[in-house]
Amino acid sequence: NLRTKKYNDGTSIQHVPDSAEWLKLNLFSTPAYCFWNNTKNKDSIAKFGALYNWYVVGTLKLCPLGWHVPSLSEWSLLLDYLGGAEIAFYKLRETTTTHWEWDTNVTNESGFSAIPGGYRIYYGEYRLIGNYAGWWTSTVGDLPPYEHATVMSLRTVDPLRYGYHFT
């Protein structure tokens with residue numbers, strides 16, 4: 001999982017562990033990242049990576065040079081290639097309960113090895129580590145007031161695709 005603290009141009013991304021400050025930054029469209037529940041545990045950071053708000057993703061400088069945040073249509077192509085959303089769910093997840101709370105019928109035959117790093121909602125609350133894996137897409141959402149981006153997630157049998165303003 002991505003855990004960079006800098007954009008691909010070398011500029012630092014602001015680290016914001018405080019919930020009240022996280023809310024302010026999101027209200028004022030300021031890019032920021034954090035680690036789950038403000039952990040400083042290097043093993044946890046290595047496993048789950050960082051959580052970024054939309055304003056980091058929206059700079060188009062989060063990924064290493066030569067890479068990009070995939071669009072919703074690119075995610076859809078991957079899901080279709082893997083047999084459709086309902087089947088792809090099982091093919092994208094790691095096969096153990098080391099990180100996931102359950103592992104029924106999981107194959108990870110894609111080699112993607114998704115792990116559930118949870119997310120941080122726009123007002124600063126952390127949620128669902130252990131049973132939610134989500135990734136920003138570059139596709140702008142259309143569900144006001146959460147029109148910032150679409151998130152691709154693995155939590156249920158059918159991966160969710162929706163416009164939200166959380167990391």
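Mentor: Helices (H or I, at least four residues) and strands (E, at least two) are DSSP runs, numbered from the N terminus. The model is predicted, so local features need pLDDT of at least 70 and side-chain atom pairs count only at pLDDT 80 or more, while totals for chains, interfaces and linings use all residues. Residues are numbered from 1 along each chain as its sequence is written, and side-chain values use heavy atoms, with hydrogens and water left out.

Trainee: In what order do the elements of the chain run from the N terminus on?

Mentor: The chain has 5 helices and 7 strands. Read from the N terminus, the order is α-β-α-β-α-α-α-β-β-β-β-β.

Trainee: What percentage of the residues in the chain is buried?

Mentor: Buried means under 20% relative accessible area, exposed over 50%, and partly exposed in between (1.4 Å probe, protein chains only). The chain has 167 residues. Of these, the buried share is 44%.

Trainee: Why is α5 said to be largely enclosed by the rest of the structure, and which of its residues are buried?

Mentor: Helix α5 spans 85–92. It is largely enclosed because 6 of its 8 residues are buried. The buried residues of α5 are Ala85, Ala88, Phe89, Tyr90, Lys91 and Leu92.

Trainee: How many salt bridges does a search of the whole structure find?

Mentor: A salt bridge needs a side-chain nitrogen of Lys or Arg within 4 Å of a carboxyl oxygen of Asp or Glu. One of the pairs that qualify is Arg127 with Glu125, whose closest N and O atoms are 3.2 Å apart. The number found in the whole structure is 4.

Trainee: How many residues apart are Asp9 and Lys61?

Mentor: The side chains of Asp9 and Lys61 form a salt bridge at 3.0 Å, N to O. Asp9 sits in the segment before α1 (19–27), and Lys61 sits in the loop between α3 (54–57) and α4 (72–81). Asp9 is partly exposed at 43% relative accessibility, and Lys61 is partly exposed at 28%. The pair links distant parts of the chain, and the separation is 52 residues.

Trainee: By about how much of helix α1 are Glu21 and Lys24 separated?

Mentor: These side chains also meet in a salt bridge, at 3.5 Å from N to O. Glu21 is partly exposed at 29% relative accessibility, as is Lys24 at 44%. Because Glu21 and Lys24 are 3 residues apart in helix α1, their separation is about one helical turn.

Trainee: What are the relative accessibilities of Arg127 and Glu125?

Mentor: These two residues form a salt bridge. Glu125 is partly exposed, with a relative accessible area of 36%. Arg127 is partly exposed too, and its value is 28%.

Trainee: How many disulfides does the structure hold?

Mentor: A disulfide is a pair of cysteine sulfur atoms within 2.5 Å. Cys34 is buried, with a relative accessible area of 0%, and Cys63 is buried at 15%. The count of disulfides in the structure is 0.

Trainee: Which element supplies the largest share of the lining of the largest pocket?

Mentor: A pocket is an open set of points, on a 1 Å grid over the protein atoms alone, where a 1.4 Å probe fits with protein on both sides within 12 Å along at least five of seven lines; lining residues have an atom within 4 Å of a point. The largest pocket has 30 lining residues, and Asn1, Leu2, Gly134, Trp135 and Trp136 lie nearest its centre. Two or more lining residues come from β2 (50–52) and from β5 (133–136). The largest share, 4 residues, is given by β5.

Trainee: What is the phi of Asn38, and what is the phi of Ser113?

Mentor: Asn38 is in the loop between β1 (33–35) and α2 (42–48), and Asn38 is partly exposed at 34% relative accessibility. Ser113 is in the loop between α5 (85–92) and β3 (119–120), and Ser113 is partly exposed at 35%. Asn38 is not a glycine, yet its phi is positive, near 60 degrees. Ser113 is not a glycine either, and its positive phi is about 55 degrees.
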